Amino acid sequence: MRLKTLAPALAAALLFSGAADAAEIRVGIRLGTPSFRLRTDGQVFVRDLSSGRRYLLVERSPYEITPVDGLVRVAGETLGPEISLEPKEGDLGVRINNVFYRGRLAVKAAPGGLLNVVEHLDIEDYLEGVLPVEMSPGSPLEALKAQAVASRSYALKRLSPSRDYDVTADVNSQVYNGRNNVNGRIKTAIEKTRGQVLTYKGRIVTAYFHACCGGHTASSTAAWGENVYKPLYGVKDPFCSTSRHSNWKLYIPERDLLSFIQKQGSTSLSLKKVRVAKKDKSGRALRIAFDTEQNTHYAEAKAMRTAFGNSDFRSTYITSVSPTSGGWLFKGRGWGHGVGMCQSGAAAMANKGRDYKRILRHYYPGASITVLK
Ligand SMILES: [Zn+2]
């Protein structure tokens, strides 16, 4: 809990320079948090951005960081509205909730007595925190390499200098969980593809990916209304048919379905039939029809996934809906939005001896692999 002021000359000599020759990404790891605790693993400097003063946190010690009237308070010292936590170069960083962060953490007071915590780090280091959670670390190397190129492309496409951060650490961007479970294979996949991104007509591709497509990937146009774009137009996928994620089923009680359509304005009290009313070209449902005792109510298939849970209602690739004991049984294929690379198929292709370039060519047709300078 102690905080020690460093002599300015010494601090200047020791400070992490922040010079970024590789691309830097800013990850919102805590946005709008009332306070947080961290533990220093190695030497960590605190820089008060408004006064320019620097402090050193004691190694292997717990600290609580709280906002006070628009300022940031660390171990009893009230500093300015924004501070920076900077691990000594090459040293261990800090742990928050047992997740390791080794980049520079910018902590800023936010409106409403809250704090935003944003980690600044090299994009290659960021990938070490994405790959283990976005793909099974035991996946074959060529599939991990394909994932590294896809994740790097996706992240670079998200850089937005006008905002306080580029990506969040959750499913709204890519899941990033600090530098916790980096194994040798993941390091190799990142190193062997260092700086490589997918491009199409000279621009980086937003390389979406998902767990399993169920036989055909979705177009980003159908999924999100994005412009027709060759690498994300959707392809047939013969590779994921043996995946355990290739089929799903979910029983939903009729009362839950009625409550779902009632929230959308329906006053119906019973269902005669539930059916897919409109599909995209990959076969995914766009709209579901509920034939009731009154009329037909239409709902977006995507809204059903949100309402019933993306991990239970695994995809909009619905193959049948049938009535059964007081409810309806939905059956479908794949898991996820279906756009871009199918991770189950990528793993199967790698197991059949295909290299990562071939995997990427299959899922992002027309895209090239370009090395960033
Ligand atoms: Zn697939």
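I began with Ser-266: leaving out residues up to four places away in sequence, Ser-266 touches Ile-261, Thr-292 and His-297. For contact I used C-beta atoms, placed from the backbone, that lie within 7 Å of each other.

A note to myself before going on: this is a predicted model, where local features need pLDDT of at least 70, side-chain atom pairs count only at pLDDT 80 or more, and totals for chains, interfaces and linings use all residues. Numbering runs from 1 along each chain as its sequence is written.

**Entry 1: more on Ser-266**

I placed Ser-266 in the loop between helix 6 (254–263) and strand 19 (271–279). Helices (H or I, at least four residues) and strands (E, at least two) are DSSP runs, numbered from the N terminus. I then checked the distance to Thr-292, which is 26 residues away along the chain: the two C-alpha atoms are separated by 9.5 Å.

The cut-offs are 20 or more other C-beta atoms within 10 Å for buried, 12 or fewer for exposed, and partly exposed in between, with C-beta atoms placed from the backbone.

**Entry 2: the whole chain**

I stepped back for an overview. The chain has nine helices and 25 strands, and its C-alpha atoms fill a box of roughly 75 × 50 × 35 Å along the principal axes. Of its 373 residues, 43% count as buried. Among contacts with a separation of 6 or more, 68% join residues 24 or more positions apart.

**Entry 3: helix 3**

Next I looked up helix 3 (residues 141–157). Helix 3 has 17 residues and reaches 24 Å from first C-alpha to last, close to the 24 Å expected at 1.5 Å a residue. The expected span is 1.5 Å times one less than the number of residues. I found 14 of the 17 residues of helix 3 buried, so I noted the helix as mostly covered.

Two packed helices are described by the angle between their axes and the distance between the axes. I took axes as lines fitted to C-alpha atoms, for helices over the stretch in contact, with angles from 0 to 180 degrees between N-to-C directions.

**Entry 4: helix 3 with helix 9**

At what angle do helix 3 and helix 9 (residues 356–363) pack? I noted about 55°, with the axes 8 Å apart. Helix 3 and helix 9 are therefore oblique to each other; angles under 35 degrees count as roughly parallel, over 145 as roughly antiparallel, 65 to 115 as roughly perpendicular and the rest as oblique. Their crossing is right-handed. A crossing is called right-handed if the near helix is turned clockwise from the far one by less than a right angle, and left-handed if anticlockwise.

On the helix 3 side I listed Glu-142, Ala-143, Lys-145, Ala-146 and Val-149, which meet Tyr-356, Ile-359 and Leu-360 of helix 9. These residues divide into six nonpolar, no polar and two charged. Here Ala, Val, Leu, Ile, Met, Phe, Trp, Tyr, Cys and Pro count as nonpolar, Asp, Glu, Lys and Arg as charged, and the others, Gly among them, as polar.

**Entry 5: helix 3 with helix 4**

I turned to helix 4 (184–192). The axes of helix 3 and helix 4 come within 8 Å and cross at roughly 55°, so this pair is oblique. Helix 3 passes helix 4 in a right-handed crossing. Leu-141, Leu-144, Lys-145 and Ala-148 of helix 3 meet Arg-185, Ile-186, Thr-188, Ala-189, Ile-190 and Lys-192 of helix 4. I sorted this contact into six nonpolar, one polar and three charged residues.

**Entry 6: helix 2**

Helix 2 (residues 123–134) has twelve residues that should span 16 Å at 1.5 Å a residue, and its end C-alpha atoms are 16 Å apart, which agrees. Nine of the twelve are buried, including Tyr-126, Gly-129 and Pro-132. What do the buried residues of helix 2 pack against? I found strand 2 (24–33), strand 13 (114–122), helix 3 and helix 4.

**Entry 7: two positive phi values**

Most residues other than glycine have a negative phi. Arg-60, in the loop between strand 5 (54–57) and strand 6 (62–68), has phi near 50°. Asn-97, in the loop between strand 10 (94–96) and strand 11 (99–101), has a positive phi of about 50°. Arg-60 is exposed, with 10 other C-beta atoms within 10 Å, and Asn-97 is exposed with 10 such atoms.

How values were computed
Two residues are in contact if their C-beta atoms, placed from the backbone, lie within 7 Å.
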